[in-house]
Amino acid sequence: MVRPVVRWAVSIAATAASTYALDAVATVAGFGLVALGLLDGAGRLWLSALLVASYAAWGWGLSSGLRANWRLLAETGTSTNVLSKAAYDLTRRRTAGVRASRVAAAAGYAGTELAKEAPYYAGAFGAALVSDSVTADRALIFLIGANLGAAFYEYGLAGLTNAVLRRRRGGYASFEADWIPAEYLSGYYRTVDPDEIATIAFLVAALRRAERDRPVLFFGVGPTLHHVFAAAEVASEIHLGDYLPANLAEIRRWLDRAPGAHDWRPFVRYTLRCEGNPDPTDEDVAAREELTRTKVTALLRVDGRDPRPVDREYATVVSAYCADSATADRGTWAAFMRHITGLVRPGGLFVTAALRRCRGYTVGGKVFPGADVDEHDLRAVLGTGFDVPGGSIEVVPMVRWAPHGYAGIVLCEARRHALKVAVTT
Ligand SMILES: C[S@@+](CC[C@H](N)C(=O)[O-])C[C@H]1O[C@@H](n2cnc3c(N)ncnc32)[C@H](O)[C@@H]1O
């Protein structure tokens, strides 16, 4: 992971470079327009109208710049504007909300750009006041040119930033900038589809072998709760971890019974059926929802790239469709898996699910990365640290799901080796 000091160093260097570049482009454009003489004799009214139009162009360039700067901050923690980075970092430290940090980052960026306008005004009109050879009309023409140059520069910088980020992600959508919890929930969790029929049944069976009355961690839970209901009876507490604050906020809405929170009742009903209740009543479903609300005691921001994503171990860790659905790089997937399984204490249970041989899945029309892994990769990554007896890995074909980007799932239950105690006589 990139250290904060490196992100600051990169941001300071990028800010200096982009400030000089913007100055150069805007100044050359301003003087260029004056020198070309295209607007000589246009009259004050026309020049004023053109100045307004040049501000509109500049605003358009700036809005592209704001969007690109937000992506850059969200995906890399760096910016081409240090004030924007400072505002972003500060807001993120104080609130989990994405909107607040986005507004703060935009205010820092736009504020600096506006402040950079002042020297142009001072220069242009100052020169008009003190020099006979610079008329007010020429000052206006200079400003029009400078604004157009700045618009062109902002738009170009945004294009360059987006291209670098796209390349860095291998063409996939970005979790930080493109993931919308509501799109994921409406695309995948309106009804209990075949992949979840298999996953929840597998999870219920696996959790029968979990140690009772211990905290259970769900790693990479997204904005979802459909797997969590299965742990409510066995767990003393439930900790839910995800990378995106927006996902955790969606879960918080359900816990708080906020209006419009996702309706998980079909999944609760199906979980109860898997547990052996052939015909769960509405009261049974409500009781499990309530039990789950009381058991969820922590919402944790986790990052699978961090070698120690949570500062403790668990007797049971569940991580479904996280590592395999967070990266397209198999090496990164393997590192994620090591970090997640490192949270299972010796003798503890690890339950996982992955999209099988999936290179990308669609959410809201955007393609998110898949690690293209299968049951063999899973067995290999669990390797020496875990027991994965025959029958504890299931492959379930999902032919109808191919348009989503995957045609099967892999379900796996593994037990971490207990510590070997040296016996001395
Ligand atoms: C396809 S969703 C799965 C969500 C949920 N487990 C489910 O079954 O629907 C993939 C999840 O991986 C999470 N993710 C992406 N990058 C991550 C990272 N670096 N560390 C941890 N989780 C990450 C995303 O926030 C998202 O919630």
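I started at His-239: its bridge partner in strand 3 is Ala-298. I used DSSP runs for strands (E, at least two) and helices (H or I, at least four residues), numbered from the N terminus. This is a predicted model, so I kept in mind that local features need pLDDT of at least 70, side-chain atom pairs count only at pLDDT 80 or more, and totals for chains, interfaces and linings use all residues. Residues are numbered from 1 along each chain as its sequence is written, and side-chain values use heavy atoms, with hydrogens and water left out.

**Strands.** I then looked at the other side of His-239 and found Leu-217 opposite. Strand 1 (residues 214-219) and strand 2 run parallel, joined by 5 bridges. Strand 2 and strand 3 (residues 296-301) also run parallel, with 5 bridges. I checked burial (under 20% relative accessible area, 1.4 Å probe, protein chains only). In strand 2 (residues 235-242), 6 of the 8 residues are buried, so the rest of the structure largely encloses it.

**Cores.** I looked up nonpolar cores (buried Ala, Val, Leu, Ile, Met, Phe, Trp, Tyr and Cys joined through side-chain atoms within 4.5 Å). The largest has 55 residues; Phe-218, Leu-240, Tyr-361 and Ile-409 touch the most other members. Helix 8 (residues 194-207) gives this core its largest share, 7 residues. A second, separate core has 26 residues, including Phe-219 and Phe-336.

**Helix 1.** I noted 33 residues here, 4-36. Buried residues include Ser-11, Leu-22 and Gly-30. Just after this helix, Gly-37 has a positive phi of about 75°.

Technical notes:
Buried < 20%, exposed > 50% of the residue type's maximum accessible area, 1.4 Å probe, protein only. Expected span 1.5 Å × (residues − 1). Pairing = 2+ DSSP bridges.
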